[in-house]
Amino acid sequence: MPGNRKWEMSDVIPLMNLKRFLSILKLIENEDIEEILSERKREEGEKENGEYRKWEDDGTIQNLLSVLRLIENEKNTEFLTERKREEEENEGYRKRNEETQTEINPLKSHKTRENEEKQQYTHERKREMEENEEQEYRKLDQQTQTEINQLETQKERKKQEKPRNSHERKREMGEKENGRGRKWETNPRKLPGWVIAIIQKYLEELWVKVQLAFSHVIGYYVPSNDTGLVSEECAVDVDDANFLNNYHHNWFWEMFDSWGKFPDGFLFGNLRAPGMYEECLKVKVEYKAEGEEGNVTREYRGRYCSVFYRPKPANTSREAVLPNQRSGVSLATLGSPLPFSYGTCVPSTCTREDVEVSLREVLLEDGLQLVEVHCHSHDPRDDQHNDYTPEQTAMLSLLSVFGALAVTATLYEALAINCNVAFPATVRSFSLWSNLRLVFTYEQGKETGDVITCLPMLRVTTMLWIIICHQYETNLDFLYNTLDSLKYQDPVVTQIVTNGWIAVDTFFFLTGLTLTFRLLPYLSREAGLLCHVKTILTVVLRRVLRLSPIILCVALFCASFLPYLGWGPRLHVLQSFQENCVQHWWKDPLFINNYAFPGNTGDDVNDCLSHCWYTAVDVQLLVLLPILLLPLLYHRVAGLAVLFIVSVGSVVVPLTITICYNLPPSPLHHLLGEGRLQYMTHIFMAPWARAGPWVVGVWAAMLLRMPELHRIKMNKVVVVLGYVAAITLGLTLVLGLYPYNHLRKSLNGVVEREWQDYPAVAYLYGSLARPAWGLCVAWVVVTCHTGNAASVNRVLSYPGWLPLARVSFPLYVVAPVVQVWWASVQLQPTYYNYLSKLFESAGVIFISLLISLLLSCFVELPVNLTCNLLLPSPAKAHEMMMKNKYKNNNNKNLDRTTNIPMKDV
């Protein structure tokens, strides 16, 4: 140990006992001098029995402390010497490094110097950008602070100007604190400066992130500002300087908020992100843009656009995806039945073509193909048709004629009743009051015994069944739960809807039944062949004149004014429906709409009111009336043989067609595309394939006209067993195709049974199902009309069914149009389940009934009653004769407004 004096152990040992010596020795060896001194001070401060303890040998302690100070001095001297030596060594190392670096610098490569210069340029560029951003943020902060100050000044001014009401004065006077009234503070506390600084910093960082996100997605929602793709006005308004940089305005966030983002439940089948249609159309924009002559004020409104897209097929070329013309792809030509879609809000200065051309480029870069774009706005340029179209002119003419006649006849009848003056039946046929009484009367000719009273309920229940079936298949492409909806369409009980095509065969049965039942009493051998042909032609003409006006009015309305009732992101549904009606409306009132014409697309033939294929087939089957009824007049056996041959043909013809074209047993739920179109054209809408239940109705009418049948009283057991058999057969026909409509989840959507694997079932069901259904309905009608099922007849013959039955045909024509309209006005996707579809069906039925009542009073009944006056039928003449005979025999006076011939069934 260096130092002037070296201490030895002999200097310390005599000074303390052995224990204390060892502890001090241990500390000295560790050279922990500070701990020794601290221990000394602690010992001096300890207290024993209330008094400080003093060391006995103060001289010894002083000697020890002097030794320790010498040790500490020697240690410090050694430390300073060591540190000086290390500094000298470090100085030598530094000089050698500088000499080495001087030698290496000339050897640096040219590439390294370039990297350094590039890095230096990058740092300078980054610093400039940061300075620019900082200036922009500072400017924004100043603007924001100015706005905040203005708002606070206005708020303070309002508070000062606003008088205190009595409630506030009473509250201030009634509240006391420490015996004195406490006054409420009127000035709210301001946020501390550091809190405002944190919030501003957070908002700045958030806006940077938002700008970065916008740069990636803005192309999907706003057209490009490239004037080579879009118009000049559109390019100005969507430029970043005029659009993104105006983020501090409310209209910017309103447009952004109305965009359709990635929807919830995408994997659940929610393929639609429509956004907010009404919010977009309410956007009003006004901003100042830099122009050639300085700042220019520009104004526009929001234009809502629906964008449909799908993944681009692998074998599709760029030329096929980017056509030269600015036109969308028809939805009927889609490879996928459910393309993806989203809604966007663009400036109204951008047209649909601008959005379409720009988005096609953007989507193509991401491997997507644009399908179609539909845009709507309040822009007057959207109203392309300033003049009336021929269809609109024709519809307005019809409405004017029928409306004027109805108003005039109603006023004339009101004056005639007040003046107690008789008025002609022709005028009465156009009177709304008389027609309403005809609709809501409960009289149906029970006293004549010539009316089948159980038919109204059959007609009403069948009509409601058809409407519910249509509603369950409406709006399937606009659902929240597209994939989950399959579980609601798959169970056995849903076959009532998915296989509800058989319901319309009830109408065919009723047509054959009622026409034959009314004609048979007036076809006698003495009248002659010419008279019989005239009678049958009169019946056919009267039926055509009864059905055609309703169809004509509805078809013309769909071709003219239907789109004016629509709104929302799905307005294109009504527009495409109208475009189809403009081309094909004339087919429906002529009853030729069930035949295939060139240019068919989709799953059905080109037609306006596609559901009116039934009326076309119904009228075309009237050709069979003379073939079936006239032979019965001259030779009963020959007539029955002809009827039997036609009955067999109604089974053999659809069987042959099904075998030749390898068609399914029915229009299965999953059958799409060409297979469905073939079934519709060859079987479903072909009169020769739908004649089965119609011929069964003819047989039933002949049985009901046999007097012997009414004298037969069947045993109740036989009647019950007959109803059990009819119900069982009917349920089998409706539910029997479940294995062919059922989708097994284990096979990823593959049907449980393919109808191609069971051709015999397809052939038998396709040929026998419809006549068998007619037999089930015939059993009910025959037993009720002959009195063998009195309990069932009381329910079916309830007079309350009559008003609904009288408007059943207008209801059939109107209801599908109302369903299309309902689907087009949905602003957001709907959720598919049983309860929602039942409520939707109830709403559609209610609206359709109101429209049907108007059509019946304004069009159907006036035309029908006029035909009764101008073209009377033998059936009507006989009915009037029987009514008059019954009135004379029973001395009853009929009311003049109800003594009107009833219309044909």
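In this predicted model, helix H19 meets helix H32 through residues from both elements. H19 contributes Arg546, Leu547, Ile550, Ile551, Val554 and Cys558. H32 supplies Phe809, Pro810, Val813, Val814 and Val817. By class, the residues of this contact comprise 10 nonpolar, no polar and 1 charged. H19 spans residues 529-560, and H32 spans residues 808-824. Their axes come within 10 Å and cross at roughly 15°. Angles under 35 degrees count as roughly parallel, so H19 is roughly parallel to H32. The crossing of these two helices is right-handed.

H19 also packs against helix H22, which covers residues 624-634. Here the angle is about 145°, and the axes lie 11 Å apart. H19 passes H22 in a right-handed crossing. On the H19 side, the contact is made by Leu529, His532, Val533 and Ile536. On the H22 side, Leu625, Pro626, Leu630, Leu633 and Tyr634 take part. The contact of H19 with H22 has 8 nonpolar residues, 1 polar residue and no charged residues.

Another helix pair is formed by H27 (residues 716-735) and H29 (residues 759-785). The two axes come within 10 Å and cross at roughly 150°. Angles over 145 degrees count as roughly antiparallel, and H27 and H29 are therefore roughly antiparallel to each other. Their crossing is left-handed. From H27, the contact draws on Val718, Val719, Gly722, Tyr723, Ala726, Leu729, Gly730, Leu733 and Val734. From H29, the partners are Tyr765, Ala769, Ala772, Trp773, Cys776, Trp779, Val780, Thr783 and Cys784. The residues of the contact of H27 with H29 divide into 15 nonpolar, 3 polar and no charged.

At the level of the whole chain, there are 34 helices and 11 strands. The chain has 905 residues, and buried residues make up 42% of them. Among contacts with a separation of 6 or more, 78% join residues 24 or more positions apart. The chain exposes about 51,100 Å². Carbon and sulfur atoms supply 59% of that area.

Phenylalanine 440 and tryptophan 801 are 361 residues apart in sequence. In space, their C-alpha atoms are 9.9 Å apart. Neighbours within four places in sequence aside, phenylalanine 440 is in contact with Pro803, Arg806 and Leu853. The relative accessible area of phenylalanine 440 is 46%, and the residue is partly exposed.

Backbone geometry was examined next. Most residues other than glycine have a negative phi. Phenylalanine 591 has a positive phi of about 60° although it is not a glycine. This residue sits in the loop between helix H20 (571-584) and helix H21 (613-620). Buried means under 20% relative accessible area. At 5% relative accessibility, phenylalanine 591 therefore counts as buried.

Asparagine 662 likewise is not a glycine, and its phi is positive at about 50°. Asparagine 662 lies in the loop between helix H23 (636-661) and helix H24 (674-684). With a relative accessible area of 42%, asparagine 662 is partly exposed.

Methods: Residues numbered from 1 in each chain as written. Predicted model: local features only at pLDDT ≥ 70, side-chain atom pairs only at ≥ 80, totals over all residues. Heavy atoms only, no water. Axes fitted to C-alpha atoms, helices over the stretch in contact; angles between N-to-C directions. Helix = DSSP H or I, 4+ residues; strand = E, 2+ residues; numbered from the N terminus. Parallel < 35°, antiparallel > 145°, perpendicular 65-115°, else oblique. Left-handed = near helix turned anticlockwise from the far one by under 90°. Contact = heavy atoms within 4.5 Å. Nonpolar A, V, L, I, M, F, W, Y, C, P; charged D, E, K, R; others polar. Buried < 20%, exposed > 50% of the residue type's maximum accessible area, 1.4 Å probe, protein only. Areas by Shrake-Rupley, 256 points an atom, 1.4 Å probe, with all protein chains shown as cover.
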